[in-house]
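This briefing walks through one protein structure for a reader who is new to the subject. Please look at the sequence and the model first, and then follow the points below, which are grouped by topic.

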Amino acid sequence: MGISKHPSVVTMPKAERPYPTILSFLSGRFPTISREIWEGRIREGKVLDEGGQCITLDTEYAPLRRIFYFREVGAEPSIPFSEKILFQDNQILVACKPHFLPVTPGGRYVDECLLNRLRTSTGIEELAPLHRIDRETAGLVLFSVNRGSRGIYGQLFMDGRVEKTYQALAACRPLQEPGAWDVANRIERGEPWFRMKAVPGVANARSTIHLVEVRGALARFVLHPHTGKTHQLRLHMSGLGFGILNDRYYPELQAEREDNFATPLQLVAQRLRFRDPLSGRAREFVSERTLLWQPA
């Protein structure tokens with residue numbers, strides 16, 4: 001049994017009255033964990049409120065309040081690829097993660113995540129990611145080392161002051177010409193809950209997508225997300241008719257199966273650029289990870 005040393009958090013969303021019980025909410029939000037297991041965790045004091053107090057089965061549902069819990073998994077999959085630390089000082093750490101490794105604990109993963117691997121290798125318990133990339137995506141992730149400056153660096157992402165560059169491969173028509181697209185739409189959570197969808201409304205997701213090279217039925221793209229919605233680039237590429245190679249979620253959700261390490265999603269978070277809010281220096285970090293694109 002793997003049990004996380006650090007709590008995970010979930011926010012109770014707005015809901016119509018009568019409110020559900022917290023037990024019903026957790027069971028619905030995490031369908032792979034049975035109601036009986038959640039009930040046992042609550043009775044054992046393993047589920048906490050924002051004040052660090054144990055939640056009971058009688059605790060009332062409170063919209064927009066957070067619940068803390070410790071992930072437990074019976075048999076955690078092993079990810080046979082290594083991360084690499086590219087930079088570290090007293091404020092930040094930049095790591096490059098492999099495909100298939102989640103940034104933080106989730107689902108079947110507790111210790112096998114970038115955050116906990118780095119906490120173990122560096123001994124820095126205060127380490128915290130300043131942004132996320134998908135488990136299926138490889139590439140750069142920026143971490144805060146110092147709690148005192150964490151909000152300052154986090155604000156860079158909130159204000160859109162970090163320039164992010166991705167590389168991707170996708171299928172295309174053999175005679176497809178290079179081109180560029182600016183995509184802006186509204187992305188919200190779809191069904192199942194882990195899959196996103198574009199909906200009418202004010203845009204909350206914006207990307208610039210460049211098709212830079214075509215070889216037969218395969219194209220290479222350079223992507224610049226200007227916002228950070230979950231699955232944003234995968235959804236925007238799919239919406240243009242360029243589903244990223246080996247994407248199991250978009251454009252169509254494929255049947256659940258074990259990871260095939262020989263066919264990773266062809267998406268890499270390649271570059272991060274920003275001006276350091278403390279030193280004023282220009283920062284640039286580049287991943288050495290490559291896609292399945294053979295030199296011409």
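UniProt positions are given here in the numbering used for this chain, feature names are shortened, and annotations may be inferred rather than shown by experiment. With that in mind, the unreviewed UniProt entry carries the annotation "domain: Pseudouridine synthase RsuA/RluA-like", which covers residues 92–238. The structure is a predicted model, in which local features need pLDDT of at least 70, side-chain atom pairs count only at pLDDT 80 or more, and totals for chains, interfaces and linings use all residues. Residues are numbered from 1 along each chain as its sequence is written, and side-chain values use heavy atoms, with hydrogens and water left out.

**The annotated span**

- The end C-alpha atoms of residues 92–238 lie 33 Å apart, and the span is 17% helix and 39% strand, where helices (H or I, at least four residues) and strands (E, at least two) are DSSP runs numbered from the N terminus.

**A sheet and the helix across it**

- Three strands form an open sheet in the order S2-S4-S3, with antiparallel pairing; two strands count as a pair if DSSP finds at least two bridges between them.
- S2 and S3 stand at the edges with a single partner strand each, so one side of each is left without a neighbour in the sheet.
- S3 and S4 run antiparallel and are joined by 2 bridges, and Leu48 stands opposite Phe68 in S4.
- Helix H1 lies across S2, S3 and S4 and runs at about 105° to S2, an angle taken between N-to-C directions on a scale from 0 to 180 degrees, with axes fitted as lines to C-alpha atoms, for helices over the stretch in contact.
- The buried residues of H1 (residues 22–29) are Ile22, Leu23, Phe25, Leu26 and Ser27, where buried means under 20% relative accessible area, exposed means over 50%, and partly exposed lies in between (1.4 Å probe, protein chains only).
- These buried residues pack against strand S2 (8–11), helix H2 (35–43), strand S3 (47–48) and strand S4 (66–69), and contact means heavy atoms within 4.5 Å.

- Asn116, which is found in helix H3 (residues 114–122), is buried, with a relative accessible area of 8%.
- Leaving aside neighbours within four places in sequence, Asn116 is in contact with Ser4, His6, Pro105, Val110 and Asp111.
- Val141, which is found in strand S9 (residues 138–144), is buried with a relative accessible area of 0%.
- Beyond the neighbours within four places in sequence, the contacts of Val141 include Leu93, Val103 and Ile133.

**Salt bridges**

- A search of the whole structure finds 23 salt bridges, each being a side-chain nitrogen of Lys or Arg within 4 Å of a carboxyl oxygen of Asp or Glu.
- Glu83 forms a salt bridge with Arg117, the closest N and O atoms being 2.9 Å apart; the pair links distant parts of the chain, 34 residues apart, with Glu83 in the loop between strands S5 and S6 and Arg117 in helix H3.
- Glu83 is partly exposed at 22% relative accessible area, whereas Arg117 counts as buried at 15%.
- Arg271 and Glu284 meet through their side chains in a salt bridge (2.3 Å, N to O); Arg271 lies in strand S15 and Glu284 in strand S16, so the pair ties together parts that are 13 residues apart in sequence.
- Asp134, Glu136, Arg234 and Asp247 are linked in a network of salt bridges.
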